[in-house]
Amino acid sequence: MLEMSDQDSSTSASQTEGEMDEGLDEGLEAEVDDEGEGDKMDKRDPAPSLSSFSSSLHAVIRIKQKYQAIKKRRQELALALGGAGTLTGAPARTSPKIFTFDRLTPTSFPALSSPAPQRKKRKKRKRVLFPSRVGRRAPPKQDHSRAKYCLYLLLAIVFVQVYNAIENLDDHVLRYDLEGLEKTLRREVFGQQATVEGLLSHLKDYLSTYVHNKPLVVSLHGPTGVGKSHLGRLLAGHFRSVVGETLVLQYYVLHRCPQEADTLHCARDLSTLISDMVERAEEEEKIPLFIFDEVEHMHKEILDVLWQLVASKQSNEYLNAIYLFLSNLGHAHITKHMLHNSSMAVSASGRHSNLVKELTPILRSTLEKLHRLWTEVDILPLGLLQKGHVMDCFLDEMSREGFYPDLTNIERLAGEIEYYPKVGGHEYSQTGCKQVVAKVNLL
């Protein structure tokens with residue numbers, strides 16, 4: 001019943017609206033016909049004038065005004081009928097519309113109503129605030145990375161470690177008192193400045209650390225009386241006061257092994273003695289010193305044992321040790337070189353430096369032919385002593401024995417020594433300071 005009433009109301013509303021449209025259209029057509037008849041009558045007038053033109057213009061204006069008035073009345077009537085339909089429940093008549101997407105909503109198409117992607121909100125940048133005073137703007141403050149502090153801490157730790165390592169090296173060198181040894185050698189060894197400097201350089205480099213990949217092996221060569229044995233005694237006395245009596249060995253071949261038949265037994269005893277001393281030094285964390293004097297009298301079996309100890313790298317126990325060999329092997333090359341080059345105008349220090357540089361390869365090539373032990377050693381030659389050096393030896397020995405150091409007496413004693421022919425203003429002793437002790441004892 002409700003549907004029938006809705007249909008009847010809509011039908012009556014549409015009929016009423018249609019009748020009104022027809023009435024309005026008839027009225028508009030009647031007025032247009034009246035105006036048209038007036039125009040026809042004017043056209044029938046054979047003699048048109050200005051009044052007839054103005055009358056036609058007025059007719060057009062009136063037609064336009066009437067059309068606009070009728071259109072306005074039609075719109076008002078349509079609005080009135082639409083309001084009445086909504087009040088009575090009848091649907092209002094609407095004029096045909098052109099299909100557009102203006103009033104479509106996402107709910108009109110449920111299949112296409114997927115949520116639209118939301119845009120990410122941009123974070124607002126912090127405004128850079130400047131001081132109120134114009135002309136002086138503070139630059140924006142930059143954030144410092146925290147990793148810099150870690151880097152500074154790491155550098156500080158590395159610096160402390162390196163500093164401690166250097167301090168430990170210095171402490172290790174100070175344990176052996178190399179400065180005191182240097183003063184002693186410079187004061188009591190005459191005419192061998194270059195050799196003393198070379199020996200001290202080897203000792204400083206080796207004793208600056210406790211971990212080594214090979215032992216220090218130094219071989220001193222020179223003619224009779226130039227101070228080889230004296231230098232060995234000074235080194236032995238200094239190291240005894242530093243590392244102890246049990247870690248220093250002075251080995252004289254003619255005293256320890258005078259008979260050639262006992263060579264094998266002496267070699268085994270020497271190997272056992274060195275092993276015991278090295279083990280003891282390892283326990284005390286010290287470096288022992290082994291001094292072998294008169295090496296030119298050593299037999300091949302003893303040299304073989306020494307070579308095995310020096311060149312062996314299978315065990316770490318023999319790497320922390322100092323071996324010093326004293327001999328007159330190659331003295332002929334040293335004497336010949338000194339006599340042939342003494343005429344050159346070179347200072348004493350320069351002459352000794354040239355002696356070490358020029359004689360070292362010559363002595364090495366000669367000694368390597370005798371035994372392979374010399375391939376593992378650092379060679380330092382000692383040169384001939386001049387007459388002034390012999391006088392210094394007399395002065396030192398007389399002072400030790402308590403004699404008054406009379407210069408006239410010292411010159412007389414030095415003149416009793418045999419010398420080589422004078423070359424280039426230099427007078428070299430044939431026996432060095434070998435006879436100084438004997439002559440002082442005769443006083």
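Burial is defined here by relative accessible area: residues under 20% are buried, those over 50% are exposed and those in between are partly exposed, with a 1.4 Å probe and protein chains only. The structure is a predicted model, in which local features need pLDDT of at least 70 and side-chain atom pairs count only at pLDDT 80 or more, whereas totals for chains, interfaces and linings use all residues. Residues are numbered from 1 along each chain as its sequence is written, and side-chain values use heavy atoms, with hydrogens and water left out.

Helices (H or I, at least four residues) and strands (E, at least two) are DSSP runs numbered from the N terminus, and two strands are taken to pair if DSSP finds at least two bridges between them. On this basis, an open sheet of 5 strands is found, with parallel pairing and the order β2-β3-β4-β1-β5. Its edge strands, each pairing on one side only, are β2 (248-252) and β5 (378-381). On average, neighbouring strands of this sheet are turned by 15 degrees against each other, direction ignored; axes are lines fitted to C-alpha atoms, for helices over the stretch in contact, and angles run from 0 to 180 degrees between N-to-C directions.

Strand β1 comprises residues 216-221 and pairs with β5 in the parallel sense over 4 bridges. Within this pairing, S219 has I379 as its bridge partner, and H221 stands opposite P381. Toward β4, β1 is joined by 6 bridges, again with the strands running parallel; here V218 stands opposite L324. Because 6 of the 6 residues of β1 are buried, the strand is largely enclosed by the rest of the structure. Both of its faces are covered, with L216, V218 and L220 buried on one side and V217, S219 and H221 buried on the other.

Helix α6 (residues 228-243) has 16 residues and should span 22 Å at 1.5 Å a residue, which agrees with the 22 Å between its end C-alpha atoms; the expected span is 1.5 Å times one less than the number of residues. Its buried residues are K228, L231, G232, L234, L235, A236, H238, F239, V242 and V243. The helix is followed by G244, whose phi is positive, near 110 degrees.

Voids were located on a 1 Å grid over the protein atoms alone: a cavity is a set of points where a 1.4 Å probe fits but cannot get out, a pocket is an open set with protein on both sides within 12 Å along at least five of seven lines, and lining residues have an atom within 4 Å of a point. Grid points are joined across faces, edges and corners, and a volume is the space filled by probe spheres set on the points. The largest pocket has a volume of about 680 Å³. Its lining comprises 27 residues, of which G227, S229, H230, R233 and C433 lie nearest the centre. Two or more lining residues come from each of α6, β4 (322-327), α12 (387-401) and α14 (436-441).

By this rule, 3 cavities of 30 Å³ or more are counted. The largest cavity has a volume of about 40 Å³ and is lined by L199, L203, V218, L235, F239, L289, I322, Y323 and L324. Strand β4 supplies the largest share of this lining, 3 residues.
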